[in-house]
Amino acid sequence: MEKALEGQVTYTFKVIQAVDSVFLDAKNMGFTSVRLNSRKVEYTNTGKKIIIHKKLTKNSVYNLRLSYKATPKQTVYFLGWDDTIEDNEQIWTQGQGKYTSHWLPSFDDMREKVIFDLNIQSNKAYKTIANGKLIGFTEIPVSDPVFSYDMHKPMSSYLLAFAIGKYGVVESRSRSGIPLLNYYYPWDSLKREPTYRYTKEILDFLEAEIDVPYPWQNYKQVPVHDFLYAGMENTGTTLFSDQYVIDSIAFVDKNYVNVNAHEMAHQWFGNLVTEENGEHHWLHEGFATYYAYLAEKHLFGDDHFHWKLFQSMEQLGEQSEKGEVQSLLDPKANSLTFYEKGAWALFSLREHIGEKAFKTGIRNYLKKYALKNVTVSEFLKEMQASSGKSLENFKKEWLLAKGFPMSRAKALLGKKSFSIATWLRLRERAKSTTPNPLDLNGYWEATSSMHFKRQLIQKYGKFFSKELFVKAFQSDTVPLRQTLLQVDHAQERFTQEQLESLLSDKSYITQEMAFYALWQRFPENRKVYLDQTRKIQGMPNKNIRLLWLTLALLTQDYEAVNSGTFYDELSGYTGAQHPFEIRQGAFFYVREVFGLDDKSLLNLIRATGHHAWRFREYARNLVEELWEDDTYKERMQQLIEKQNPEDMRYITKKLER
């Protein structure tokens, strides 16, 4: 299959001053027709840009039409077309930064905003989803349908997106009447509610909190295979990893709520107002992170919100000591800085100027710079005007300074949360005494905060008395019981009956840990536990199924006639037809327990070229490790001789060293 796009784009624009040429960004495209006001025009295709050579007069309106073909190596991803699994095929885009020009002649500079309308023709077996409102669906008798999407307002090119695949959709409306379209795989209809739980509540909250109406015609959310990130806030059309497509049991372990709120907040912060350049990236990610935390506060309460900030503070403090937290105005700062330190800066700013002034300033800022590009200075000017307070010290401490002001953060949180203040006092006291003399039972009873109790278990659970351990177990709170299982050597303190009861907890992570603990501790009952769990898949990464297959193969005399089938299934999960989260788990079990066979070893080599960088790095690191083993090295050298050179580029380079 040729993974290519053929298209035609028409730009209508007005020239505000006379020029002798114009250009668009266009990566590795071929052009079959270039016309300006319906006439052929001279142009240069550099492989990176298309330059139109024509004198354009001031205040004149022009119509530029380009016909082209693109075979993008990135930005447009074709998944599932090379395997035999039915309905697994998808095409989707990820253009954040300056990458839309790999499939559409457009503008890498995010300061160039355009009103885009899209007409996409694709195979009639699939649904096509894109930015804007679907205004037409045209079936051409001799061809495939054309989906027509209309946008009313301008946006930066990097926010343009489409997804093509097998989808159903559930429609609803926000309190203000915004259409909400939540897409799902037809075979996952039972996962719609837990996946999209609270979507309407989040949009209703954000509109009320921000006090600026949702700015686009509708809001769509589309899960896709092997997405590069958790989600991406394309204008009105968020694409997100289908690893967040979950059932109600998985909800407690890994749900979409925070990602949902984060990408939705970007519809204002990043899409409605857009940073001038990378120095102002805080205006996107810090704001989306902070407002996602506020949405969770609305849904789950103050205690949840403050402990979220506490966890963020702990991470920032730890990384700050290593010199890995930068200035928020550093365009090369890492994600932790932009997201978490950025959210903390807004939390601090709100405390500094007061809630009323903060909300007024946010509203004024968004209204003044709607559909424009902004700088941090312009934002601060609006906040200073709304509060009447100088923000110079705030800027120095939170935006300009490297590192993280841990003392200030602790003081802010301690003042807002009794349970966090109690925890901070406990930690200070523990520095001058051993854990045993601490009144752990008293601290357990000091607050009803589940988050406090989880911290207590994580830090001091191994010192719990028998009575306190039982009390924690009997709390009947899934996160607390799960945390107990994770304490060093704690599994040995559980009775067989207690561990067996955990197999019914509404958490696949708890079930996985309990299953493994039971299999280890009570070998006489291994067959019983395997029978009990054989139909459980677990999380989207099949955490329980992969463990089950491994333990079934290791259990003596357990369905020996099926051992080949079990191994083939486990090894098969390393293949490219499966999501990379499943593949990574399968590689772990096959390699650690059995050793990689030729099939899984070849799948690993091919994974070194995967488009998702985290999985690609995992695969490359594992190949590097195996390369040091002479047996694996020889096998890999033999395997690559019969393969497509394009799939073997990484390993071939190793041979050339």
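Q: What should I know about the model before I start?
A: It's predicted, so local features need pLDDT of at least 70 and side-chain atom pairs count only at pLDDT 80 or more, while totals for chains, interfaces and linings use all residues. Residues are numbered from 1 along each chain as its sequence is written, and side-chain values use heavy atoms, with hydrogens and water left out.

Q: How many aromatic pairs does a search of the whole structure find?
A: The general idea is that a pair of aromatic rings is described by the distance of the centres and the angle of the planes. Rings of Phe, Tyr and Trp (its six-membered ring) pair if their centres lie within 6.5 Å; planes under 30 degrees apart are stacked, over 60 edge-to-face, and the rest tilted. Here the search turns up 49 aromatic pairs. Take Phe305 and Phe347: they're edge-to-face, at 6.0 Å centre to centre with 70° between the planes.

Q: Which parts does the pair of Phe305 and Phe347 tie together?
A: Helices and strands here are DSSP runs, numbered from the N terminus (helices are H or I, at least four residues; strands are E, at least two). Phe305 sits in helix H5 (residues 302-321) and Phe347 in helix H6 (residues 335-353), so their pairing links parts that are 42 residues apart in sequence. Both Phe305 and Phe347 are buried (buried means under 20% relative accessible area, exposed over 50%, partly exposed in between, with a 1.4 Å probe and protein chains only).

Q: Are the rings of Tyr365 and Phe379 stacked or edge-to-face?
A: Their centres are 5.0 Å apart and their planes stand at 75°, so this pair is edge-to-face. Tyr365 belongs to helix H7 (residues 355-368) and Phe379 to helix H8 (residues 376-387), so the pair ties together parts 14 residues apart in sequence. Tyr365 is buried at a relative accessible area of 0%, and Phe379 is buried with a value of 0%. Tyr365 and Phe379 also belong to one aromatic cluster, whose members include Phe269, Trp282 and Phe358.

Q: Where does Arg197 lie relative to Phe251?
A: A charge sits over a ring if NZ of Lys or CZ of Arg is within 6 Å of the ring centre and within 35 degrees of the ring normal. Arg197 lies over the face of Phe251, 4.4 Å from the ring centre. Lys254 does likewise with Tyr244, at 4.8 Å from the ring centre.

Q: What is the strand order in the open sheet of three strands?
A: In general, strands of a sheet pair through backbone hydrogen bonds, either parallel or antiparallel. Two strands pair if DSSP finds at least two bridges between them. In this open sheet the order is S2-S6-S5, with antiparallel pairing. Strand S2 (19-25) and strand S5 (43-45) are the edge strands, each pairing on one side only. Six bridges join S2 to strand S6 (residues 49-56), and Phe23 stands opposite Ile51 in S6.

Q: Which strands does S7 pair with?
A: Strand S1 (residues 5-14) is joined to strand S7 (residues 61-70) by 10 bridges, running antiparallel. Lys14 stands opposite Val61 in S7. Strand S3 (residues 29-36) is also antiparallel to S7, through seven bridges, and Gly30 faces Lys69 across that pairing.

Q: Is Thr447 buried or exposed?
A: Thr447 counts as buried, at 12% relative accessibility. You'll find Thr447 in the loop between helix H12 (440-446) and helix H13 (450-460). Contact means heavy atoms within 4.5 Å; leaving aside neighbours within four places in sequence, Thr447 is in contact with Phe418, Ser419, Phe452 and Lys453. The Thr447 side chain also reaches the backbone nitrogen of Ser449 at 3.0 Å. That is a polar contact (a pair of N or O atoms within 3.5 Å; within protein, one must be able to donate a hydrogen and the other to accept it, and residues adjacent in sequence count only if both atoms are side-chain atoms).

Q: Where is Asn277 found?
A: Look in the loop between strand S22 (273-275) and helix H4 (282-300). Asn277 is partly exposed, at 34% relative accessibility. Its side chain reaches the backbone nitrogen of Glu279 at 3.0 Å.
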